[in-house]
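Trainee: Can you walk me through this protein, step by step?
Mentor: Gladly, let's open it up together.

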Amino acid sequence: RRRNPLSFLFSKQRRHSIPRKAMKKAHIPTGIFGVPLEYAAECGSVTSTGIFVPDPVHRCMDEVIRRGLSVEGIFRLSGAASDVDQLCQQFDTPPAYGKCLDLTKYDIHTIVGVMKKYLRCLPEPVIPTAFHHQFLQAAMDIEHIASLAAKMPKVHFDLLFTMIELCAHIQRHQHVNLMNAEALAVVLAPVCTGLDQSLRDVLTIKSPTIINEIVQSNQRWTDLWRAMIEAHDTLLTL
């Protein structure tokens with residue numbers, strides 16, 4: 001069944017992080033790719049802002065900030081598929097789930113590829129489908145978007161905050177990495193909303209009406225993501 005291609009961001013909720021010991025102790029599946037975000041966050045790492053984020057995002061983000069912000073086409077260009085798959089498998093292996101991996105031997109496009117693959121595999125996208133309509137209705141109202149994001153489940157709020165934070169770092173180097181807000185939005189909008197699969201399905205869909213709906217939805221999400229990335233200074237301080 002095709003995922004609803006529609007949704008969406010944040011606020012003061014991030015200042016009230018839930019300690020690891022206070023999280024619901026549930027059985028953690030063998031592997032963190034393709035399982036609910038709650039499980040992966042529980043065995044993830046704490047960021048500098050005090051929130052728990054799955055390691056395929058946290059560790060890859062740290063590596064990008066450390067040595068990848070000046071890499072041209074970051075997020076747009078792909079790493080070698082074999083390297084991405086190998087690294088994903090290591091991140092997906094208990095009990096460390098990638099905490100001890102040496103990422104310095106991988107190129108930045110491969111590292112970002114792991115992050116994107118993890119986000120695509122989430123059974124519920126970064127922006128939960130239940131919030132899609134409300135976010136799209138908010139249009140470019142950043143304060144409204146922030147208030148909606150604060151109502152999302154905390155693990156989704158934290159991950160969305162983390163992605164916007166990474167975009168902020170990339171934006172400060174856009175003169176060398178050539179990834180402005182529009183370029184980042186084109187990549188992240190479908191990945192973080194679950195629309196990515198629908199876009200891949202377009203080639204097999206014969207209904208012009210459905211194809212048009214998917215394309216229009218993608219454009220609306222791209223516009224929304226561009227607005228959020230451009231307003232990152234405001235969003236990250238709310």
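Predicted model: local features only at pLDDT ≥ 70, side-chain atom pairs only at ≥ 80, totals over all residues.

Trainee: How many helices and strands does the protein have?
Mentor: The count is 12 helices and 2 strands, and read along the sequence they follow the pattern α-β-β-α-α-α-α-α-α-α-α-α-α-α.

Trainee: And what share of the residues is buried?
Mentor: Of the 238 residues in the protein, 53% are buried.

Trainee: Let's look at α3, then. Which of its residues are buried?
Mentor: In α3 the buried residues are V84, L87, C88 and F91. Seen down the axis of α3, these residues fall within an arc of 105°, so they line one face of the helix.

Trainee: Why would those positions end up on one face?
Mentor: An α-helix has 3.6 residues a turn, so residues three or four places apart point the same way. For α3, the arc of 105° is what tells us that the buried residues share one face.

Trainee: What's on the other side of α3, and what covers the buried residues?
Mentor: On the other side of α3, S82 and Q89 are exposed, while the cover over its buried residues includes α2 (55–67) and α4.

Trainee: Switching to α6, which residues are buried there?
Mentor: Helix α6 spans residues 142–149, and its buried residues are I142, I145, A146, L148 and A149. They cover an arc of only 160° around the axis, which puts them on the same side of α6.

Trainee: Which helices do they pack against?
Mentor: The buried residues of α6 pack against α5 (132–137), α7 (154–171), α11 (208–230) and α12 (232–235).

Trainee: Since α7 came up, where does D158 sit, and is D158 buried or exposed?
Mentor: D158 is in helix α7, and with a relative accessible area of 3% it counts as buried, because buried means under 20%. Not counting residues up to four places away in sequence, D158 touches I51 and F52.

Trainee: What about H58?
Mentor: H58 is in helix α2, and at 12% relative accessibility H58 counts as buried too. Leaving aside neighbours within four places in sequence, H58 is in contact with S45, V46, T47 and V53. H58 and G44 are 14 residues apart in sequence, and their C-alpha atoms are 7.8 Å apart in space.

Trainee: New topic, aromatic rings. How many aromatic pairs are there?
Mentor: The count comes to 1 aromatic pair. The rings of F33 and Y118 have their centres 5.3 Å apart and their planes at 90°, so the pair is edge-to-face. This pair links distant parts of the chain, since F33 is in the segment before α1 (37–42) and Y118 is in helix α4, 85 residues apart.

Trainee: Are those two buried or exposed?
Mentor: F33 is buried, with a relative accessible area of 15%, and Y118 is buried as well, at 0% relative accessibility.

Trainee: Last one, pockets. What is the volume of the second largest pocket, and which helix gives the largest share of its lining?
Mentor: The second largest pocket has a volume of about 170 Å³, and α4 gives the largest share of its lining, with 5 residues. Both α3 (81–91) and α4 (108–121) supply at least two residues of that lining.

Trainee: Which residues line it, and how do they divide?
Mentor: Among the residues lining the second largest pocket are L77, V84, D85, H109, K116 and R120, and the lining divides into 4 nonpolar, 4 polar and 4 charged residues.

Note on methods
Residues numbered from 1 in each chain as written. Heavy atoms only, no water. 1 Å grid on protein atoms, 1.4 Å probe; cavity = no way out; pocket = protein on both sides within 12 Å on 5 of 7 lines; lining within 4 Å. Points joined across faces, edges and corners; volume = space filled by probe spheres on them. Helix = DSSP H or I, 4+ residues; strand = E, 2+ residues; numbered from the N terminus. Nonpolar A, V, L, I, M, F, W, Y, C, P; charged D, E, K, R; others polar. Phe/Tyr/Trp six-rings, centres within 6.5 Å; stacked < 30°, edge-to-face > 60°. Buried < 20%, exposed > 50% of the residue type's maximum accessible area, 1.4 Å probe, protein only. Arc of directions from axis to C-beta. Contact = heavy atoms within 4.5 Å.
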